[in-house]
Amino acid sequence: DATEQRDLADKYEVRGYPTIFVFKNGDPTPYEGPREADGIVSYMRKKAGPLSKQLTSQDEIDQLRSREVSIIKYGAADDEWMAVANELENIAFGTVTEASLMGDNEGKVVLFRSPDSREFVFDGDDLASWISTRSM
């Protein structure tokens, strides 16, 4: 409540109400999402959820792939994967570790673009740059 916490309001240059900031690693980012309660709750749940979802069924895989842009690692998440998922938080990340769900994708990283039904298989060194290029 900026009317009671003037020092904080001044520190973060709050000029209007409501003003919402999302803090990640201590750094504030102004919230620019939907203004109705359901939209705010949905946004915050996404931010509070895992960076990369463990996909355990074909339905979960299909649901993630239906997003505008998604990327699935067919293998266990590692530090690089989690770091990239943290960096590119607007893209849906998932992992599949169950052999029966991998098909021919075992060991691959695949980016899916639902608007044009395109799939790209990662074959380089810089995963973050590759995702940024392919997700456009």
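Me: How many bridges join β4 to β5, and is the pairing parallel or antiparallel?

Reply: Start with the general idea: the strands of a sheet are held together by backbone hydrogen bonds, in either a parallel or an antiparallel way. Two strands are called paired here if DSSP finds at least two bridges between them. Strands themselves are DSSP runs of E with at least two residues, helices are runs of H or I with at least four, and both are numbered from the N terminus. Now the case: β4 (residues 69-74) and β5 run parallel, with five bridges joining them. Look for S70 opposite A92 in β5, and for Y74 opposite V96 in β5.

Me: What should I know about the model before I go on?

Reply: It's a predicted model, so local features need pLDDT of at least 70 and side-chain atom pairs count only at pLDDT 80 or more, while totals for chains, interfaces and linings use all residues. Residues are numbered from 1 along each chain as its sequence is written, and side-chain values use heavy atoms, with hydrogens and water left out.

Me: Which helix goes with β4 and β5 in a β-α-β unit, and what is its handedness?

Reply: To judge handedness, point the strands away from you: the crossover is right-handed if the path from the first strand over the helix to the second runs clockwise. Here β4, α4 and β5 make up such a right-handed unit.

Me: In what order do the strands of the five-stranded sheet lie?

Reply: Read across the open sheet and you get β3-β5-β4-β6-β7, with mixed pairing. β3 and β7 (118-121) are the edge strands, each pairing on one side only. From one strand to the next, the twist averages 25°; axes here are lines fitted to C-alpha atoms (for helices, over the stretch in contact), and angles run from 0 to 180 degrees between N-to-C directions.

Me: How do the other neighbours in that sheet pair up?

Reply: β3 (residues 52-54) and β5 are parallel, with three bridges, and S52 has F93 as its bridge partner in β5. On to β4 and β6: these run antiparallel and share five bridges, with V69 opposite R113 in β6. β6 (residues 109-113) and β7 are antiparallel too, with four bridges; V110 has V121 in β7 as its partner.

Me: Are the residues of β4 and β5 buried or exposed?

Reply: Check the cut-offs: relative accessible area under 20% is buried, over 50% is exposed, and in between is partly exposed, using a 1.4 Å probe and protein chains only. In β4, six of the six residues are buried. V69, I71 and K73 sit on one side and S70, I72 and Y74 on the other. β5 is largely enclosed by the rest of the structure, because five of its five residues are buried. A92, G94 and V96 point one way, and F93 and T95 point the other.

Me: Where does the β1-β2 hairpin turn, and which residue in the turn has a positive phi?

Reply: Two residues separate β1 and β2 in this hairpin, and N25 in the turn has a phi of about 55°. β1 (21-24) and β2 (residues 27-30) run antiparallel over four bridges, and F23 stands opposite P28.

Me: Where is S117, and is it buried or exposed?

Reply: S117 is in the loop between β6 and β7. With a relative accessible area of 62%, S117 is exposed, and its phi is positive, near 55°.

Me: How much space lies in the largest pocket, and what lines it?

Reply: In general, rolling a probe the size of a water molecule over the atoms shows where space is left empty. On a 1 Å grid over the protein atoms alone, a pocket is an open set of points where a 1.4 Å probe fits, with protein on both sides within 12 Å along at least five of seven lines, and lining residues have an atom within 4 Å of a point. Points are joined across faces, edges and corners, and the volume is the space filled by probe spheres set on them. In this model the largest pocket holds about 730 Å³. Its lining has 26 residues, with K46, K47, P50, L51 and E89 nearest the centre. α2 contributes the most, five residues.

Me: What kinds of residues are in that lining?

Reply: Twelve are nonpolar, six polar and eight charged. Nonpolar means Ala, Val, Leu, Ile, Met, Phe, Trp, Tyr, Cys and Pro; charged means Asp, Glu, Lys and Arg; the others, Gly among them, are polar.
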